[in-house]
Amino acid sequence: MAQKKVVVLDYGSGNVRSAVRALEAAGAEVELTADPEKVMSADGLVVPGVGAYASVMQQLTKLGALRWIGRRIAGGQPVLGICVGHQIFFEQGVEHGVKTAGMGEWPGSVERLQADVIPHMGWNTVRPPQNSKLFAGIEDERFYFVHSYGVQKWEFDVTQPAMTPPQVTWSTHGTPFVAAVENGALSAVQFHPEKSGDAGKRLLANWLETL
Amino acid sequence: MTVAIRVIPCLDVDNGRVVKGVNFEGLRDAGDPVELARRYNLAGADELTFLDVTASSSDRETTYEVVRHTAEEVFIPLTVGGGVRTAEDVDRLLRNGADKASINTAAVARPKVINEITERFGSQVLVLSLDARRTSDPSIASGFEVTTHGGRKGTGTCAVAWAKEAAERGVGEILLNSIDADGTKDGFDLEMIRAVRAEVKVPLIASGGAGKPEDFPPAIEAGADAVLAASIFHFGPKDMIAQVKQAIRDAGYPVR
């Protein structure tokens, strides 16, 4: 099988070096770039993200990357969001009372977690649905989370029976929140697979297999 | 279904070498931080912390290189501390592969640097390293005083008040190190952990005093979310991380 070509979107978001290396370790040929042609032609696109929701959306908008991401999704070309790169696919993020519009691929709001200790930092368990491709073989592993905000209410309403509903994986810190979504070409994870040791590497390899 | 208690080995790095040494059998080069990071990762460490004890700034380049090489091979979170003074320092560490930076003296000297760093990179990136000691000074309500320079200099500041302020300014975690307990192997300073836990909501990493696996569960009971140690891992048997995790698990807390 030919090596899958993956682009990690380079838009000035924190430490993306680990994402590149972890994807390479999982078997991909990886390039860190914001070149639109490469972003569009890659077998898979990874959207990383750390820091504030508003600043991530601002940086992606400035680069014109939201349009490329949207086109890839519309064309059925795989995209994987990580951490804030997961959160931006929901309708909005609310941080410090400020609402920022997201890409709106899924309904729902990213809001502050309700827990005794915040940020939610460390290795937590997940509850993937049956037939999850991302979590195949690693259903009982722990993954590394670091975030203070999350989607605590999944509001996707399947009104058309012919439609395949997205697969949602939950985790809990104080309250349950969405840890991952698999929805056709678009997948997103709240945790950091690139920092989740062997389990994370396996998840990335599982994603590469779907490309 | 809760987040696991993190067990974090700490490596002191001087000019690209681990100082204090280690006791791993069959280790080709006991002083190579990358090799050690790899070993601790395989042994089940949940995160790694490098403390750069390098004196000169020219030697600091070597530390960046160590961080770079480690981050390329070891896919667990990596925190680097020592000599972090500005947002620029944090930026350089992140660019070289660190996930978090820890700050100590520079934040005591100029607390606003916490805001500057976390507004730019997010709270998750900054760990406040707090070295505290017991004091009988009546002006320090908690009885714990902030120290700098590895515990040699007192500051007259209350450790609990400082932890609270740092959390409000944006640090994502607090590494609480007891200067009195450090090196004693008599166990953690539980009162200190309780005092800080009562006032802050950010994750708390307990450090100082661990001598055996049984020392760890009381620190968690006192409110620590993570435990950090150096010598018990460097000089103990090579399955010490597993032993510590077993002790924590036996006490009823989740571990990875």
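Is Cys83(A) buried or exposed, and how many C-beta neighbours does Cys83(A) have inside 10 Å? The views below begin with this residue.

The model is predicted, so that local features need pLDDT of at least 70 and side-chain atom pairs count only at pLDDT 80 or more, while totals for chains, interfaces and linings use all residues. Residues are numbered from 1 along each chain as its sequence is written, and chains are lettered from A and ligands numbered from 1 in the order in which they are written.

**View 1. Cys83(A), in the loop between strand S4 (79-82) and helix H5 (84-87) of chain A.** Cys83(A) counts as buried, with 29 C-beta neighbours inside 10 Å (buried: 20 or more other C-beta atoms within 10 Å; exposed: 12 or fewer; partly exposed in between; C-beta atoms placed from the backbone). Its phi is positive, about 60 degrees, although Cys83(A) is not a glycine. Helices (H or I, at least four residues) and strands (E, at least two) are DSSP runs, numbered from the N terminus.

**View 2. His96(A), in the loop between strand S5 (90-95) and strand S6 (98-101) of chain A.** His96(A), not a glycine, has a positive phi of about 50 degrees. With 7 other C-beta atoms within 10 Å, His96(A) is exposed.

**View 3. The cis peptide bond from Ile118(A) to Pro119(A).** Omega is near 5 degrees. Pro119(A) belongs to the loop between strand S7 (106-112) and strand S8 (120-124) of chain A. Most peptide bonds are trans.

**View 4. The contact between chain B and chain A.** Here 24 residues of chain B are in contact with 30 residues of chain A (contact: C-beta atoms, placed from the backbone, within 7 Å).

Terms used:
Contact = placed C-beta atoms within 7 Å.
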